[in-house]
Each structure stands twice: as structure tokens, then as C-alpha cells.
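Please walk me through this structure.

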Amino acid sequence: MKIGIDRLTFATTELYLDLRDLAAARHVDPDKYLMGIGQSQQAVIPPTQDAVTLAAQAAAKIPAAELAQVSTVIVATESGVDNSKAAALYVKQLLGLSDFVRTIELKEACYSATAGLQFAKGLVALHPTEKILVIASDIARYGLQTGGEVTQGGGAVAMVVAKDPRVLELESTSVAFSQDVMDFWRPLYRSEALVDGKYSTQVYIDFFQACWQRYQQLTGATLDDFAGFLFHLPFTKMGKKALASELGDRDDQVAQRFWAVLQASQVYSRRVGNLYTGSLYLSLLSALNHGQLQAGNRLGLFSYGSGAEGEFLTGRLVDGFAAALERPDAMLDQRRQVSVAEYETLFNQHLGLQSQDCTFDLSDSQAPFVLAGQQNHQRQYQRRG
Ligand code: CAA
């Protein structure tokens with residue numbers, strides 16, 4: 001049975017920060033951010049948006065008739081809003097799905113959406129008529145004036161997993177690799193991540209190499225068997241570092257093909273920053289919308305979550321894949337640019353994660369799903385329009 005990604009949509013906030021402005025405010029050469037890190041803009045998150053509202057916004061772009069066939073909602077996030085209740089429950093409610101739906105939240109840093117895909121694949125293999133909604137939704141938050149600040153961002157990617165998929169047929173062999181490593185983590189009492197930045201980039205590359213080398217041993221495949229690789233992109237330079245660890249200074253046709261796919265995969269991440277769980281799948285959407293890929297092309301996907309876990313999985317593009325994709329370019333163009341001062345004010349509102357009751361001013365927001373406030377420690381979500 002062919003099982004894979006049947007639909008792919010993306011949502012982010014209405015606000016962004018130009019990283020030239022951030023560079024000026026932090027007294028850094030803008031080329032460090034634009035070229036050294038490889039980011040030009042960053043999604044800014046108002047307190048009325050969180051992992052739940054962004055997840056709902058991405059999933060609501062899936063046609064209602066397809067959502068109505070969903071049997072399980074999996075929300076992968078490391079920006080959870082509750083230590084007990086699954087974000088998927090709020091999302092299911094906001095989407096108006098049937099109560100006869102299974103809901104669960106998954107966590108392992110930026111990796112967990114890939115686990116979600118694998119679980120979804122297993123469910124479809126057992127129940128071929130079911131469609132599984134896997135949503136990767138996160139807010140990357142390191143803190144003002146930290147080394148990681150330039151790699152913040154946020155948004156969500158929603159995927160429907162089904163048999164006879166219209167986008168990417170997932171192949172059966174994949175390699176997962178995990179070790180207890182402290183490269184990036186966020187204790188329960190913190191709303192900002194702690195990170196050993198340089199170490200984290202090295203662990204990422206080591207895990208990519210461990211997975212890819214094992215995959216080659218298991219399958220006999222080589223780079224020649226792929227159109228290109230897609231990477232988790234905490235910042236776009238990370239993909240370049242990972243690919244360079246494999247290609248070295250190779251400049252033949254295969255290497256050029258891989259570099260072209262990587263470049264196409266970086267377009268959206270460069271403009272929204274790190275989505276944590278969603279970043280790999282945003283790279284996929286970007287490569288499919290901006291690259292020269294064709295039906296039948298085989299892609300390798302490297303998923304990485306700090307802590308740390310990696311997985312190399314593969315898939316083949318399906319005939320007509322473009323019809324089941326969102327094209328978010330115009331949506332990104334329409335966002336409102338904020339100043340560094342406004343970004344800092346919004347950042348300090350802590351994503352609405354506070355213990356007091358509150359009501360947010362929604363007059364500036366056109367977002368389809370919002371966190372309107374909190375009453376009796378209960379988050380008040382609204383669907384608008
Ligand atoms: N012009 C052009 N390039 C410049 C420059 C200039 N004026 N000044 C500096 N650069 C280059 C540097 O040469 C360097 O390039 P290379 O990495 O290719 O050597 C690059 O800009 C970054 O500069 P620094 O080495 O000085 O880096 P930094 O100390 O500012 O830290 C960072 C960068 C480690 C990525 C930091 O932003 C960070 O900690 N980010 C968060 C952690 C992260 O994203 N880790 C990724 C792996 S972990 C993961 O993937 C999970 C996840 O999502 C978090």
C-alpha cells in the first residue's frame with residue numbers, strides 16, 4: 001500500500017521583524033545575520049498567538065471535506081501550553097471536528113512531527129480508509145540579546161497522511177538515531193530555551209551523518225539515487241553546513257542538483273525563522289514550490305530534534321503533487337513589519353503564558369484563530385470568521 005503526505009499547508013503570524021533592523025539594534029554587521037546565519041526576516045509572535053492557534057490556522061487551510069475524514073489529530077510541539085492537556089484537543093475543537101476523533105500531543109524537540117508521521121503511517125496501514133492530521137506547531141524563543149535571538153521564529157505546518165497520497169509517498173526504510181545530549185533544552189520553569197549553540201550545530205551534523213551512513217549500509221543507496229535532501233532548518237545556514245558535510249567540495253552534476261534543491265528549500269525559512277517541529281516540512285513545501293522537482297523524484301529528509309534525536313526518511317513525489325500544496329508567498333508578503341521596539345514589547349508579553357486572568361486586545365489582529373485571554377486558569381480560544 002502507498003502511504004504518505006496527501007496535503008501540506010503552512011501558517012505563521014501576521015508580523016515580522018527585518019533582521020537588518022535587529023542587526024542595527026544589536027550592533028552586529030547585518031551580513032552576519034543575512035549571510036553568516038542565512039536569515040533575513042523573523043516571524044514575531046503576539047500574545048494572542050500560540051502553538052494552538054497557529055496549528056489550527058495551518059489545518060484550517062485543508063478543505064473541509066478532507067478534514068471531515070480525519071480520524072486522529074496529532075500535534076507535535078515543544079511549545080505546549082499545558083503540562084497535562086494535549087494541544088490537539090483545543091485544535092480539534094477549533095476546527096469543529098467530530099468528537100469521534102483521537103487526539104494527542106507529541107514532544108521531542110524539533111523531531112516529534114517526524115514521529116507523528118511514522119505513527120500516522122502505521123495507523124493508515126492498519127486502517128486504510130482513515131486520514132491522519134499531523135500538525136507541527138512551535139514558537140522558537142531564546143531571549144532578547146542572546147546568541148540564539150537571530151534564529152527565533154514561529155509557525156505551523158499541517159499534513160494529512162493517507163493512502164495513495166497526492167504529494168509524497170513515504171518509503172519503508174528509515175533510520176532513527178537518539179542519544180541523551182544537552183545541546184538545547186527548556187526546563188519546565190522557563191519560557192525560553194537554553195542552548196549550547198556551537199555544540200548543537202555539531203551534534204546536528206553528527207546525527208545526520210550517523211543516520212545517512214547507516215541508511216546507505218542498509219539499502220545500498222547513494223546520493224545518485226536522490227534528487228536532493230531536505231533538512232530541518234533552525235536557520236538556513238544549518239542546511240548548508242549539513243549538506244557540505246556530505247558533499248565536501250564536490251562540484252559535479254549530482255552536487256549541483258543537491259545544492260539547487262537546498263536553495264529552493266530555504267526560501268520560506270529565511271523569512272519566518274525556526275519553526276522547530278515544522279521546519280523540515282516547511283523546507284519540503286519550499287522546495288516543492290520553488291525548485292525544479294518532478295513527479296517520481298526521490299527525496300531524502302533529515303529530521304533533527306535537540307536532546308537529541310535524528311531520523312533520515314525518504315519519499316517519492318507523486319504525479320500532480322503541486323495541486324495539493326499551499327503557496328504561501330503572497331501571505332508572507334502581506335505581513336506587517338514591526339520595529340525592534342515593538343518586537344521587544346511583544347516578546348516580553350511571554351506568549352500570554354501567565355497565571356493571572358487576562359483579556360487581550362484583538363483589534364489589531366486579523367488572525368483566524370486567537371487566544372482572547374485567560375479565565376480561571378483556562379485559555380480562551382476563539383475562531384473568528
Ligand atoms: N559577514 C558574514 N558572515 C559572518 C559575519 C559577517 N560580518 N560575521 C560572522 N559571520 C558568520 C560566521 O563566520 C559564522 O559562519 P559559519 O557558521 O559558517 O562559520 C556565522 O556567521 C555565525 O557566526 P558565529 O559563529 O559568530 O555564531 P554565533 O556565536 O552568533 O551563534 C548560532 C550562531 C550558534 C547559530 C546561534 O545563533 C544559536 O545558538 N542559535 C540557536 C541554536 C541552533 O539553532 N542550533 C542549531 C542546531 S540545533 C537544532 O537544529 C534544533 C533547533 O531547532 C534548535
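**Around phenylalanine 231**

Set aside the neighbours within four places in sequence, and phenylalanine 231 is in contact with Met238, Gly239, Ala242, Leu280, Ser283 and Phe302. Contact here means that the C-beta atoms of two residues, placed from the backbone, lie within 7 Å. The model is a predicted one: local features need pLDDT of at least 70, side-chain atom pairs count only at pLDDT 80 or more, and totals for chains, interfaces and linings use all residues. Residue numbers start from 1 along each chain, as its sequence is written.

Phenylalanine 231 belongs to strand 12 (residues 228–231). Strands (E, at least two residues) and helices (H or I, at least four) are DSSP runs, numbered from the N terminus. Is phenylalanine 231 buried or exposed? It counts as buried, because it has 26 C-beta neighbours inside 10 Å. The rule is this: a residue is buried with 20 or more other C-beta atoms within 10 Å of its own, exposed with 12 or fewer, and partly exposed in between, with C-beta atoms placed from the backbone. Phenylalanine 231 and proline 165 are 66 residues apart in sequence. In space, their C-alpha atoms are 21 Å apart.

Now to the core. The largest nonpolar core has 116 residues. Such a core is a set of buried Ala, Val, Leu, Ile, Met, Phe, Trp, Tyr and Cys residues joined through C-beta atoms within 7 Å. Which members touch the most others? They are Ala55, Val91, Val134, Ile135, Val157 and Val161. Take isoleucine 135. Beyond four places in sequence, isoleucine 135 is in contact with Ala55, Ala58, Ala59, Val75, Ala76, Val91, Ala156 and Ala158.

Strand 1 (residues 3–11) is mostly covered, with nine of its nine residues buried. Strand 1 runs antiparallel to strand 7, and eight bridges join them. Two strands pair if DSSP finds at least two bridges between them. In this pairing, isoleucine 5 stands opposite valine 161 of strand 7. Strand 1 also pairs with strand 8, in the antiparallel sense, over two bridges. There, glycine 4 faces glutamate 169 of strand 8.

Two open sheets come next. In general, strands of a sheet pair through backbone hydrogen bonds, either parallel or antiparallel. Axes are lines fitted to C-alpha atoms, for helices over the stretch in contact, and angles run from 0 to 180 degrees between N-to-C directions. Strand 2 (residues 15–18) pairs with strand 3 in the antiparallel sense over four bridges. Within that pair, tyrosine 16 has alanine 43 of strand 3 as its bridge partner.

The other open sheet has three strands in the order 16-17-18, with antiparallel pairing. Its edges are strand 16 (358–359) and strand 18 (378–383). Each has a single partner strand, so one side of each is left without a neighbour in the sheet. Strand 16 and strand 17 (residues 369–375) pair in the antiparallel sense over two bridges. Threonine 359 stands opposite glycine 373 in strand 17. Helix 3 (residues 51–59) packs on this sheet and touches strand 17 and strand 18. The direction of helix 3 makes about 150° with that of strand 17.

Which residues are closest to the ligand? They are Asp31, Lys32, Gly36, Gly197 and Pro234, from a shell of 27 residues. A residue is near a molecule if its C-beta atom, placed from the backbone, lies within 6 Å of it. Helix 2 (30–37), helix 7 (197–219) and helix 8 (236–247) each give two or more residues to this shell.

Some loops have backbone details to note. A cis peptide bond joins glycine 307 and alanine 308, with omega about 10°. Alanine 308 sits in the loop between strand 13 (298–305) and strand 14 (309–317). Aspartate 164 is not a glycine, yet has a positive phi of about 45°. Aspartate 164 lies in the loop between strand 7 (153–163) and strand 8 (168–170). With 12 other C-beta atoms within 10 Å, aspartate 164 is exposed.
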